[in-house]
Amino acid sequence: MPDKHLSTQFDSDLNSVSSRLMELGGMVESQIRQAIYALSQFSAEVADQVILGEVRVNALEVDIDREIASIIGRRQPTARDLRLLMAISKATANLERAGDEAERIARMVKAIVAEGMPRSLPASELRVATELASNLLRKALDAFARLDTQAAVAILKEDNLIDQEFDGFVRKLITYMMEDARTIGASLDLLFIAKAIERIGDHAKNIAELIIYIVKGDDVRHVPLAKIESNLQSSAS
């Protein structure tokens with residue numbers, strides 16, 4: 001990921017912290033996959049594994065932040081090197097929060113298993129959105145490793161699909177609750193899961209925005225997608 005420097009040790013530092021970011025990403029992806037399985041099978045046992053995994057994710061986040069602080073203190077990087085380290089720190093935070101959402105899904109699955117889920121509710125439909133969010137996070141990590149701005153833009157576009165899935169699912173749940181008040185409790189559990197899925201997609205989008213920040217030096221948070229694309233095309237020509 002990092003460019004070559006005169007200091008071999010600095011390159012080693014950057015490669016080390018970049019590798020640990022990818023390790024964290026792999027751990028969070030595993031959490032999300034387990035959460036998908038727990039949701040599809042209503043497995044409290046698998047949900048417990050997701051919850052236990054959060055301890056390791058949190059510990060690695062702290063280690064990465066400590067390593068970044070050490071590199072900045074020792075190397076005093078500037079320009080793109082500093083942007084890279086800042087972006088890795090922010091990407092780390094986004095991954096940890098995506099892990100929090102996987103844990104939230106697991107806890108809601110356990111609640112559903114304990115309470116029972118009315119057969120009429122569309123719980124299985126959440127799997128599609130969850131897989132979309134999981135795939136998006138994996139693509140964001142891959143694009144981050146390659147610092148691929150075009151892939152980053154594609155991720156920003158794809159996040160809209162998850163938002164659309166969420167909006168459609170919410171409308172469907174509202175219909176169920178209006179038709180049968182007995183489904184309100186379980187419907188709210190599913191709503192919390194759907195919101196957690198949407199947030200995982202948001203964290204993937206945030207990581208994609210960081211790629212553009214590293215490469216171009218532009219903070220594209222809250223910038224319309226059309227303008228981001230236009231600016232990238234202008235700088236490429």
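Colleague: Which residues line the largest pocket?

Modeller: Lys90, Asn94, Asn206, Glu209, Leu210, Tyr213, Asp219, Val220 and Arg221. Note that this is a predicted model: local features need pLDDT of at least 70, side-chain atom pairs count only at pLDDT 80 or more, and totals for chains, interfaces and linings use all residues. Numbering starts from 1 along each chain as its sequence is written, and side-chain values use heavy atoms, without hydrogens and water.

Colleague: What makes it a pocket, not a cavity?

Modeller: On a 1 Å grid over the protein atoms alone, a cavity holds points where a 1.4 Å probe fits but cannot get out; a pocket is an open set with protein on both sides within 12 Å along at least five of seven lines, and lining residues have an atom within 4 Å of a point. The volume here is about 190 Å³, the space filled by probe spheres set on points joined across faces, edges and corners.

Colleague: Which helix gives the largest share of the lining?

Modeller: α6, with four residues. Both α3 (79-115) and α6 supply at least two. Helices are DSSP runs (H or I, at least four residues; strands are E, at least two), numbered from the N terminus.

Colleague: How does the lining divide by class?

Modeller: Three nonpolar, two polar and four charged. Ala, Val, Leu, Ile, Met, Phe, Trp, Tyr, Cys and Pro count as nonpolar, Asp, Glu, Lys and Arg as charged, the others, Gly among them, as polar.

Colleague: Why are α4 and α6 called roughly parallel?

Modeller: The axes of α4 (residues 126-146) and α6 cross at roughly 15 degrees and come within 9 Å. Roughly parallel means under 35 degrees, roughly antiparallel over 145, roughly perpendicular 65 to 115, and the rest oblique. So α4 and α6 are roughly parallel. Axes are lines fitted to C-alpha atoms, for helices over the stretch in contact, with angles from 0 to 180 degrees between N-to-C directions.

Colleague: At what angle do α3 and α6 pack?

Modeller: About 170 degrees, axes 9 Å apart. That makes α3 roughly antiparallel to α6. Their contact has 21 nonpolar, three polar and ten charged residues.

Colleague: How confident is the predictor in the protein?

Modeller: The average pLDDT (confidence per residue, from 0 to 100) is 91, and 97% of the residues score at least 70. Helix α7 (residues 225-236) is lowest, at a mean of 87; helix α2 (residues 44-75) is highest, at 95.
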